[in-house]
There are 2 protein chains.
Amino acid sequence: MKPNKKSALEEKKPLVSPETTSSAAIQKIKEKRAKKTNPEHLVRQILAGNITALSQAITLVESKNNLHLKTANHIINNCLPHSGNSIRIGITGVPGVGKSTFIEALGNYLTTKNHRVAVLAVDPSSSITKGSILGDKTRMEDLVKNENAFIRPSASGDSLGGVAQHTRESIVLCEAAGYDVIIVETVGVGQSETAVHSMVDFFLLLKLAGAGDELQGIKRGIMEMADTIAINKADGDNLKAAKLAKVEFNRALHLYPLKVSRWQPKVVLCSALKNEGISDIWNVVKLYISQTKENNSFSDKRKEQNTYWFLQTINDALKQEFYSNSNIEIELQKRILQIENSKISPFTAARDLLQLYYSSKEI
Amino acid sequence: MKPNKKSALEEKKPLVSPETTSSAAIQKIKEKRAKKTNPEHLVRQILAGNITALSQAITLVESKNNLHLKTANHIINNCLPHSGNSIRIGITGVPGVGKSTFIEALGNYLTTKNHRVAVLAVDPSSSITKGSILGDKTRMEDLVKNENAFIRPSASGDSLGGVAQHTRESIVLCEAAGYDVIIVETVGVGQSETAVHSMVDFFLLLKLAGAGDELQGIKRGIMEMADTIAINKADGDNLKAAKLAKVEFNRALHLYPLKVSRWQPKVVLCSALKNEGISDIWNVVKLYISQTKENNSFSDKRKEQNTYWFLQTINDALKQEFYSNSNIEIELQKRILQIENSKISPFTAARDLLQLYYSSKEI
């Protein structure tokens with residue numbers, strides 16, 4: 001390109017990217033790379049604990065390219081026999097509760113105990129906010145430099161179903177790479193908690209002490225999922241309130257029917273910032289694991305979770321197929337209007353649409 | 001038939017039903033009746049408050065005969081514009097809590113206040129136990145004789161989805177017949193509560209006071225659904241324990257995040273047997289209705305529920321179609337075994353089955 005005349009009055013032409021980085025070219029390079037990926041080689045590298053290979057495989061899992069997905073499937077199925085030997089911990093809590101600080105404290109503590117820790121995230125909101133959790137790795141400054149820790153933010157631009165599936169598959173890869181504690185972070189939007197709860201062994205709810213109104217922040221049903229509630233920032237002036245909150249939560253947790261695992265959820269105080277109470281929480285996790293392994297609910301739960309993801313994936317796909325059908329899309333809105341105006345019963349409307357769908361499939 | 005020889009030593013031949021009641025004959029009669037049903041006439045009779053016509057229409061709704069279902073659809077859609085003007089109350093509680101006695105007391109009380117009360121049930125277990133709730137109408141001796149009350153037990157031999165759908169449709173018919181309070185009874189099996197919760201305006205959980213272990217009886221998540229908890233049998237020696245339970249439940253309910261309706265669930269004492277506290281509960285229901293009508297959450301919830309049933313019916317049918325496919329049935333078990341033995345990831349297995357399903361549909 002020829003430069004413009006050098007004058008401050010002259011406006012610069014907008015920058016044009018050189019041709020080699022045009023989107024078509026990028027696509028070409030990506031396809032070449034995809035073809036070049038040798039899955040057997042990647043699997044070997046992952047099993048050897050190579051972080052670059054692990055990251056590369058997770059990128060394949062998250063890809064929308066069919067060739068990538070095929071490779072990803074192959075890698076996952078080959079890593080499967082080497083997976084499962086970890087403790088999977090889900091962590092949730094409203095923004096401001098100190099999740100990042102807590103995970104950093106827990107992660108660093110675990111590496112001093114010779115554990116290798118992987119931190120993943122299920123955060124569908126990141127597609128809008130461009131990564132509200134884990135996106136900014138600098139929030140875990142120490143852990144990110146720790147050679148026994150692997151941090152991977154949630155991929156953006158995906159539905160909850162997509163993010164959850166990718167995270168579930170990434171767990172397998174991390175375990176095959178030798179990480180023996182997997183932490184899955186999520187943020188209180190109800191459905192993402194359910195997804196994370198269905199992929200971890202132990203579910204931790206982070207809370208703050210307060211006048212009670214902080215409870216408004218959590219969505220219904222989440223407290224029932226918790227295997228333990230950790231009240232964070234239990235230090236200094238907060239300590240008294242935290243101790244009161246502990247009593248109250250304990251009482252509330254006892255009102256719930258006992259879980260299948262027969263585990264009675266605990267309430268623990270901690271201060272992630274001051275590194276206090278972290279070992280207590282880890283002791284609770286260890287107690288939980290040994291208790292549930294002893295009564296077999298640990299392995300039962302994992303089996304159930306696998307079947308859950310199997311059926312869930314099928315059910316999601318069936319719905320996706322139906323609702324994205326162009327005939328259905330138009331009729332659906334019409335029927336909802338008719339239902340709202342009491343012109344047709346929801347069941348008749350459903351039967352009509354199903355008839356339309358299956359007759360269109362038979363051609 | 002010729003009688004046997006009259007001797008006490010001679011065994012009687014087993015009774016053989018006369019031919020006219022053979023199953024083929026019954027089928028014939030049923031079909032004749034179905035043909036004879038004049039839906040326009042039935043709708044007129046229902047709107048006039050004719051109980052026989054109402055019962056007949058509900059039987060059509062519950063039928064598995066396609067001709068009946070078509071007639072039922074027609075009737076429901078014609079009753080729809082005359083429905084909706086009622087208060088729909090869901091009632092649940094573990095066996096032994098006194099549900100029948102409570103519903104009888106509430107129902108009789110309401111008829112003295114010039115209400116017309118319909119009592120329906122969602123009880124999929126009745127297909128096994130042949131009607132564990134409402135089946136034995138004699139348990140509501142007075143209410144069943146009350147001319148302003150209509151009691152209809154759950155049809156047996158159906159899945160939860162089926163029972164729930166029939167009850168949801170029966171609500172429309174009862175409302176069209178002039179019943180302005182609809183009570184839907186269910187029994188604590190978790191999923192049936194969710195179904196009932198999705199078809200009523202107000203959800204009441206019946207409890208007993210006790211040492212705390214009675215809480216084990218309710219399934220997880222049910223306490224969160226309750227708009228009010230009524231502690232029954234709060235009389236005599238139980239009164240003190242009931243008052244303590246009230247404090248405890250109130251505290252627990254305050255720990256939950258506020259509902260969309262901004263209604264703070266209440267705890268009320270009652271003794272259905274002694275007819276105490278029934279009017280208090282009705283006052284709570286009235287307060288709830290006026291409060292939610294004022295902030296529009298009443299109508300918003302009903303709209304949401306209609307859409308819920310519309311989509312739920314579609315989603316159930318899509319799954320039904322998939323899982324009853326003969327190719328799928330065989331492969332499904334194989335894949336679950338492979339998943340359990342870590343031979344294949346749940347996601348790969350799901351993708352394989354979906355591919356098989358859609359390719360078989362395209363022929």
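Reader: How much area is buried between chain A and chain B?
Author: This is a predicted model: local features need pLDDT of at least 70, side-chain atom pairs count only at pLDDT 80 or more, totals for chains, interfaces and linings use all residues, and side-chain values use heavy atoms, without hydrogens and water. Residues are numbered from 1 along each chain as its sequence is written, with chains lettered from A and ligands numbered from 1 in the order written. Buried area is the accessible area (1.4 Å probe) that two parts lose on being put together, summed over both. Carbon and sulfur atoms give 64% of it here, and the total is about 5600 Å².

Reader: How many residues of chain B are in contact with chain A?
Author: Contact means heavy atoms within 4.5 Å. Chain A brings 59 residues to the contact, and the number from chain B is 59.

Reader: Which residue of chain B forms a salt bridge with A:Glu169?
Author: A salt bridge needs a side-chain nitrogen of Lys or Arg within 4 Å of a carboxyl oxygen of Asp or Glu. Two such bridges cross the interface of chain A and chain B. In the one at A:Glu169, the closest N and O atoms are 3.6 Å apart, and the partner is B:Arg351.

Reader: Which helix gives the largest share of the side of chain A that touches chain B?
Author: Helices (H or I, at least four residues) and strands (E, at least two) are DSSP runs, numbered from the N terminus. Several helices of chain A supply at least two residues each, including α4 (66-79), α8 (160-176), α14 (326-340) and α15 (346-361). The largest share is 15 residues, and it comes from α13(A).

Reader: Which are the edge strands of the sheet in chain A?
Author: Seven strands of chain A form an open, parallel sheet, ordered β3-β2-β4-β1-β5-β6-β7. Two strands pair if DSSP finds at least two bridges between them. Those that pair on one side only are β3 (149-151) and β7 (266-269).

Reader: What is the bridge partner of A:Val119?
Author: Strand β2 (residues 117-122) of chain A runs parallel to β4 (residues 181-186) of chain A, and six bridges join the two. For A:Val119, the partner in β4(A) is A:Ile183.

Reader: Why is one side of β3 and of β7 in chain B left without a neighbour in the sheet?
Author: Chain B has an open sheet of seven strands in parallel pairing, in the order β3-β2-β4-β1-β5-β6-β7. β3 (149-151) and β7 (266-269) stand at its edges, so one side of each lacks a neighbour: each has a single partner strand.

Reader: At what angle does helix α11 of chain B run to β7(B)?
Author: Axes are lines fitted to C-alpha atoms, for helices over the stretch in contact, and angles run from 0 to 180 degrees between N-to-C directions. Helix α11 (residues 239-255) of chain B lies across β5, β6 (228-232) and β7 of that chain. Its angle to β7(B) is about 175°.

Reader: How far apart in sequence are the parts that B:Arg152 and B:Glu62 tie together?
Author: Over all chains, the count is 16 salt bridges. B:Arg152 and B:Glu62 form a salt bridge at 3.0 Å, N to O. B:Arg152 lies in the loop between β3 and α8 (160-176) of chain B and B:Glu62 in helix α3 (residues 51-62) of chain B, so the parts tied together are apart in sequence by 90 residues.
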